[in-house]
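Please read it beside the sequence and the coordinates.

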Amino acid sequence: MRSRFCLGIFLSVIFLNATWGMNFSLSTPSVMAEEMVSVGVAIADITPPIPFRLSGYFNERLSTGVHDPLLVKALVLEQGNTKVALAVCDLISLDGKVPEAIRKQVHERLGIPEEAVIITGTHTHTGPLYHGVLADFLHQRAIQKSGDGTDTAQTVDYAEKLVSTVVECIVQASQQVQPSLIAVGTTEENRLAFNRRFHMKNSDTVVFNPGVKNPQIDRPAGPIDPEVMMLLFTQAGQDKPFASFTNFTLHLDTTGGTLYSADYPFYLSNVLQKQYGDTFVSVFGTGTCGDINHIDVTADQQRSAPEIGTILGETVRDAHATLTRLPRPMLGWAYYRVPVKLQTFTEKELTASEAMLPDVVTEGGTKTFLERVRATTVLDLAQNFSEGEATLLVQTVMLDSDTAIVAIPGEVFSEIGLAIKKTSPFKYTAVVELSGRNISYVPTAKAFREGSYETVNSRIAPGEGEKLIEAATAALKSMKP
Ligand SMILES: [Zn+2]
């Protein structure tokens, strides 16, 4: 609630006291609804040097080159005194201090309230490992080994550079704003995404990624979300759009290898640039894909990143012709800060986890996969969540009385995203995960009972994930005119 008075632009600020306590601020549109929204877009390169460590798995991997540059893409929307920013980074997640620092600086530079600045990672698994327990351990180990106090795989303060680059990108997008027409719509893409958790035959257990053609597979343990939500931005008086926003629910782990890549959204962008020109900016908001990936356990061959991105791109491109222009754009935003309980651990477990770190980063070590995962979770809880509970920022943006975007932290299970869409009072609701502070997986209470990888690699306590549904729904309802 820090910034609500400094600009003096809000016509109304409402406070609610929900059962679990939260702060709430609604920026009521302060202009005539007929006024156009001005939109600006900018991109910047956030590719680290080579070799930097790559994120996504537990064992150490070094980057060997660039397939396609990692980018931050920023959108700034403005209507009267209401202004919001969205920056999407080709990164696995955001270190806790990064989004906070970006929001603060954007507020100082542009006057946009911190809670109206959404910063997300796309979750690409071919980006830098620049924060967290494993990054710190590998960095320290390399320094010790080198003998000269250096680590050739981490020569820059990536997080610091990231903050300044993203801030500059948002400032640039803000300088570019032009009155724009916004079109919205949804379509379905059913071919690319699969729930990766399965009930197994003759067993009570649920297993994640049980293996292609595993005869023990009984049935998927959860749904997918085939909806593709799209926005298309065209400058007033122009024919060709200059930017788009696409929200689709599929884990960005389809590339592999050691070259930097934005994963399948790179190919989605290629299809759209072929259609609209090289300067077109395709912004991708990753849907709640904590339990969704591209592996079809019934298929002989799996789709590659180029195939996935191109299929998605063609679906989006073709659906663009069906989008509806917002007749009365109305920009607004709201947020909740949601306190959540965290998983617990014992001192004994913490000591054992510290001792296990060399094993954690070594493929084929003596520890099982889930033991390695649990050790990392315990160490992360001890180092980065020492306060014992976490406050999660849930942000929502309204574009008109039918259209909204929700941004929530974590690798969120698809059922949570689907529940938000279902209870949303808006006809079109994009739900974007991995916003703000990295909190790893956000499984449902049901998934916690079923167990397996994601629940072990989760920081929040069972049942806390559902609070995101309550918070997002309340924020959405509060904006709805
Ligand atoms: Zn992942």
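**Briefing: backbone, metal site and cavities**

Asn202 is found in the loop between β9 (197-200) and β10 (206-208), where helices (H or I, at least four residues) and strands (E, at least two) are DSSP runs numbered from the N terminus. The model is a predicted one, in which local features need pLDDT of at least 70 and side-chain atom pairs count only at pLDDT 80 or more, while totals for chains, interfaces and linings use all residues. Residues are numbered from 1 along each chain as its sequence is written, and side-chain values use heavy atoms, with hydrogens and water left out.

**Backbone geometry**

- Asn202 has a phi near 50°, a positive value in a residue other than glycine, and at 81% relative accessibility Asn202 counts as exposed (exposed is over 50% relative accessible area, buried under 20%, and partly exposed in between, with a 1.4 Å probe and protein chains only).
- Ser440, in the loop between β22 (428-432) and β23 (441-442), also has a positive phi, near 60°, but Ser440 is buried, with a relative accessible area of 6%.
- Ile50 and Pro51 are joined by a cis peptide bond with an omega of about -5°, and Pro51 belongs to the loop between β2 (37-45) and β3 (65-66).
- As background, most residues other than glycine have a negative phi, and most peptide bonds are trans.

**Zinc site**

- The zinc ion has His123 (NE2), His125 (NE2) and His251 (NE2) as its protein donors, at 2.1 to 2.8 Å (donors are N, O and S atoms within 2.8 Å of the metal, or 3.2 Å for Na, K and Ca; water is not among the atoms, so sites may look incomplete).
- Along the chain these donors follow the spacing H-x1-H-x125-H.
- Distant parts of the chain are linked by the pair His125, in the loop between β6 (117-121) and α2 (133-146), and His251, in the loop between β13 (243-248) and β14 (259-260), which are 126 residues apart.
- His125 is buried at a relative accessible area of 6%, and His251 is buried at 2%.

**Cavities**

- Searching the whole structure gives 2 cavities of 30 Å³ or more (on a 1 Å grid over the protein atoms alone, a cavity is a set of points where a 1.4 Å probe fits but cannot get out, a pocket is an open set with protein on both sides within 12 Å along at least five of seven lines, and lining residues have an atom within 4 Å of a point).
- The largest cavity has a volume of about 80 Å³, a volume being the space filled by probe spheres set on the grid points, which are joined across faces, edges and corners.
- The lining of the largest cavity divides into 11 nonpolar, no polar and no charged residues (Ala, Val, Leu, Ile, Met, Phe, Trp, Tyr, Cys and Pro count as nonpolar, Asp, Glu, Lys and Arg as charged, and the others, Gly among them, as polar).
- β5 gives the most to this lining, with 3 residues.
- The second largest cavity has a volume of about 40 Å³, and its lining divides into 3 nonpolar, 3 polar and 5 charged residues, with helix α9 (residues 445-450) giving the most, 3 residues.

**Second largest pocket**

- The second largest pocket has a volume of about 310 Å³ and is lined by 17 residues, of which Glu100, Arg103, Arg337, Thr391 and Leu393 lie nearest its centre.
- The lining of this pocket divides into 4 nonpolar, 5 polar and 8 charged residues.
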